[in-house]
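I opened the notebook to record what I looked up in one chain. The sequence and the model come before my entries.

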Amino acid sequence: MSIAEATEVCGLSEHTIRFDEKSGMLPEIERGENGHPRFTPRKIEWLTLLYWLRETGMPLKQMRRFTTLAKTGGASIPERRKILADHADRLMAKLAILEECESVLVIKIASYGSNPKDDT
């Protein structure tokens, strides 16, 4: 799969994919005869994971640590699991805060009623 096709599947831009490759966050990418990168389904899975880690706010430093560990093999699974579990815990805490924020907004929106001239 070409880089253009990979962007469609994983949600990352070509620029981000190239950045991830140059920064060492991707396993080695095979190249076609023309020198262009070719992405296997396994590499797409990896790119997709990186996409979601970014979307959920994982710091780049932590992403780099995770990807470095992944390249070392099975012995690093406990530490990788902990990185992901800690990140999931932070997401749950953020979600709780966002749910509280939504509740406040719902109350405020309802307080305005249906007549815009009555709003203060």
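My entries follow, from the whole chain down to single residues.

**Entry 1: ground rules.** I am working with a predicted model, in which local features need pLDDT of at least 70 and side-chain atom pairs count only at pLDDT 80 or more, while totals for chains, interfaces and linings use all residues. I number residues from 1 along each chain as its sequence is written, and side-chain values use heavy atoms, with hydrogens and water left out.

**Entry 2: the whole chain.** I looked up the elements and found 5 helices and 2 strands. Both kinds are DSSP runs numbered from the N terminus, helices being H or I with at least four residues and strands E with at least two. Starting at the N terminus, I read the order α-α-β-β-α-α-α. The radius of gyration is 21 Å, well over the 14 Å that the globule rule gives for 120 residues, so the chain is more spread out than a compact globule. (This radius is taken over C-alpha atoms, and the rule is 2.2 Å times the number of residues to the power 0.38.) I noted that the C-alpha trace spans about 70 × 35 × 20 Å along its principal axes.

I then checked burial: 24% of the 120 residues count as buried. Buried means under 20% relative accessible area, exposed means over 50%, and partly exposed is in between, with a 1.4 Å probe and protein chains only. I also looked at contacts, meaning heavy atoms within 4.5 Å. Among those in the chain with a separation of 6 or more, 45% come from residues 24 or more positions apart.

**Entry 3: helix 1 against helix 2.** Two packed helices are described by the angle between their axes and the distance between the axes. Helix 1 covers residues 3-10 and helix 2 covers residues 14-22; they pack at about 100°, with axes 9 Å apart. The axes are lines fitted to C-alpha atoms over the stretch in contact, and angles run from 0 to 180 degrees between N-to-C directions. I therefore wrote down helix 1 and helix 2 as roughly perpendicular. (Angles of 65 to 115 degrees count as roughly perpendicular, under 35 as roughly parallel, over 145 as roughly antiparallel and the rest as oblique.)

Helix 1 brings Ile 3, Ala 4, Ala 6, Thr 7 and Cys 10 to this contact, and helix 2 brings Glu 14, Ile 17 and Arg 18. I sorted the residues of the contact into 5 nonpolar, 1 polar and 2 charged. (Nonpolar covers Ala, Val, Leu, Ile, Met, Phe, Trp, Tyr, Cys and Pro; charged covers Asp, Glu, Lys and Arg; polar covers the others, Gly among them.)

**Entry 4: helix 2 against helix 3.** The axes of helix 2 and helix 3, which is residues 41-55, come within 12 Å and cross at roughly 105°. Helix 2 and helix 3 are therefore roughly perpendicular as well. From helix 2 I listed Thr 16, Ile 17, Phe 19 and Asp 20, and from helix 3 Leu 47, Leu 50 and Arg 54. The residues of this contact divide into 4 nonpolar, 1 polar and 2 charged.

**Entry 5: salt bridges.** Side chains of opposite charge can pair when their charged atoms come close. I counted 7 salt bridges in the structure, each a side-chain nitrogen of Lys or Arg within 4 Å of a carboxyl oxygen of Asp or Glu. I looked up some of them.

- Asp 20 pairs with Arg 54, with the closest N and O atoms 2.4 Å apart. This pair links distant parts of the chain, since Asp 20 is in helix 2 and Arg 54 in helix 3, 34 residues apart.
- Arg 18 and Glu 14 meet at 3.2 Å, N to O. Both lie in helix 2, 4 residues apart, about one turn of the helix.
- Asp 86 pairs with Lys 82, with the closest N and O atoms 2.8 Å apart. Both lie in helix 5, residues 77-111, and are 4 residues apart.

Is Asp 20 buried or exposed? Asp 20 counts as buried, at 0% relative accessibility. Arg 18 is partly exposed at 38%, and Glu 14 is partly exposed at 31%. Asp 86 is partly exposed at 26%, while Lys 82 counts as exposed at 51%.

**Entry 6: what Asp 20 touches.** Leaving aside neighbours within four places in sequence, I found Asp 20 in contact with Leu 12, Met 25, Leu 26, Leu 50 and Arg 54.

**Entry 7: Phe 66.** I placed Phe 66 in helix 4, residues 60-70. Phe 66 counts as buried, at 5% relative accessibility. Which residues does Phe 66 touch, not counting those up to four places away in sequence? I listed Trp 46, Leu 49, Leu 53, Arg 80, Ile 83 and Leu 84. I also noted that Phe 66 and Lys 82 are 16 residues apart in sequence and 9.8 Å apart in space, C-alpha to C-alpha.
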